[in-house]
Amino acid sequence: VEGEGHQAVNLLKIEFGRFDPRTALTLLFDVEDSKDEQLQEGGENGNEQFAYFQFVTKTCVDGAVNRRVMSHRLAVTSKETDFIESLDQAAVAVILAKQHVLAANPNPSAAAKGFAEARAESRRLVDASLQAIAKAHRIASTGSPAAYPNYALPDSLATLPRLLFFLRSSPLIGEVHGDVDASTCLGLIFLRSGLEDALAMMSPGLFLKGPGKGNFTPVPNETLSLRSDAVFVADLFSRIVVWAGANSPEDLDGCGDEYASERASRRFPAPIVMHCKEGGSMARFVVSRLNPLHQDPPSEQQACLPVLGELEQQSLEDLRSKFTRSDAPSLRHWLRALIR
């Protein structure tokens, strides 16, 4: 922002050939060490407590030029707790994801082997990013990188690793067992998507309607959320799957169609609406996109999904036993192995 006490430190110009309301821009800024020190000193002395960003847009329509100026400021702090509390974890996760998805799609015409290697490297970089965040938190909290035996993350950052966990197994950078072109296309859509669509591509949405329930309600995207007496709608962005439990009552048949169609109508490109019954191949595909909570110890299962405590013991055992163990790590297992 030009003016007394302010100095423009960077100028970036981006030009578009046409207006596209569905295109979102993601801008990444690196703060130079010298500027970081100036901001911290200014914030501590009370002379400069904010960093300013100014965006100027210019559109030309039928010879008329329209300009719009948007100014934003971000508070500057030297306290890690204040910084973490101010974070939009969903936005941070999407920004990190876009960096890794871009690296995972270096060349749409690359050979399948090179494509798989790029994706594996992106998954490794996701892990490295989370490790770096955890290590930085430990140093900021204790002043030493070796003060604790692990890189424990604060509870206030619980959302970030969860979103990155689902990113690793998503079609964006996960292992591709089907059409490589479709995965590449989805990655390109992700790179230009806004926050809401990007989150839907990273993490599956799960919605429940049980006996005697009114509308579909969101539930945690865990495998143990899939009760056999209910109907679920799993939103996987490019596919919306209506999942019917093996013991779901007949009055729930078809109840997910309208809800799935409503979600699909608000999205471009329009997702495919599919139906499946518990135990079928598509039902197993839905399970593979959820966090395999059934592989965690019972105490951790209930801590993650408190509603399990409301089930009778036999019902709980039946719920756990219907899922097959696999090599896919759960969220807690992945974090425990990664942040140590």
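Trainee: Where does L316 lie?
Mentor: L316 lies in helix α11, which covers residues 313-321; helices here are DSSP runs of H or I with at least four residues, strands are runs of E with at least two, and both are numbered from the N terminus. Keep in mind that this is a predicted model, in which local features need pLDDT of at least 70 and side-chain atom pairs count only at pLDDT 80 or more, while totals for chains, interfaces and linings use all residues. Residues are numbered from 1 along each chain as its sequence is written, and side-chain values use heavy atoms, with hydrogens and water left out.

Trainee: Is L316 buried or exposed?
Mentor: L316 has a relative accessible area of 6%, so it counts as buried (buried is under 20% relative accessible area, exposed is over 50%, and partly exposed is in between, with a 1.4 Å probe and protein chains only).

Trainee: And which residues is L316 in contact with, leaving aside neighbours within four places in sequence?
Mentor: With those neighbours set aside, L316 is in contact with L308 and L311, where contact means heavy atoms within 4.5 Å. The C-alpha atoms of L316 and R227 are separated by 9.9 Å, although these residues are 89 apart along the chain.

Trainee: Moving on, where is E222 found?
Mentor: E222 sits in the loop between β4 (217-218) and β5 (231-235), and it is buried because its relative accessibility is 1%. Not counting residues up to four places away in sequence, E222 touches R162, L206, L290, N291, L293, C304 and L305.

Trainee: What about L305, where does that one lie?
Mentor: L305 is in the loop between α10 (298-304) and α11, and at 4% relative accessibility L305 also counts as buried. Beyond residues up to four places away in sequence, L305 touches P220, E222, L224, S225 and L293.

Trainee: New topic: at what angle do α3 and α7 pack?
Mentor: Helix α3 (residues 89-104) and helix α7 (residues 195-202) pack at about 70°, with their axes 10 Å apart. That angle makes α3 roughly perpendicular to α7, because 65 to 115 degrees counts as roughly perpendicular, under 35 as roughly parallel, over 145 as roughly antiparallel and the rest as oblique. The axes are lines fitted to C-alpha atoms, for helices over the stretch in contact, and angles run from 0 to 180 degrees between N-to-C directions.

Trainee: Which residues meet there?
Mentor: A90, A91, A93, V94 and A97 in α3 meet L195, A198, L199 and M202 in α7. By class, this contact has nine nonpolar residues, no polar ones and no charged ones (Ala, Val, Leu, Ile, Met, Phe, Trp, Tyr, Cys and Pro are nonpolar, Asp, Glu, Lys and Arg are charged, and the others, Gly among them, are polar).

Trainee: Which residues of α7 are buried?
Mentor: The buried residues of α7 are D197, A198, A200, M201 and M202, and what covers them includes α3, α5 (159-169) and α6 (180-191).

Trainee: Last one: how many helices and strands are in the chain?
Mentor: The chain has twelve helices and seven strands, and 34% of its 340 residues count as buried. Among contacts between residues at least 6 apart in sequence, 62% join residues at least 24 apart.
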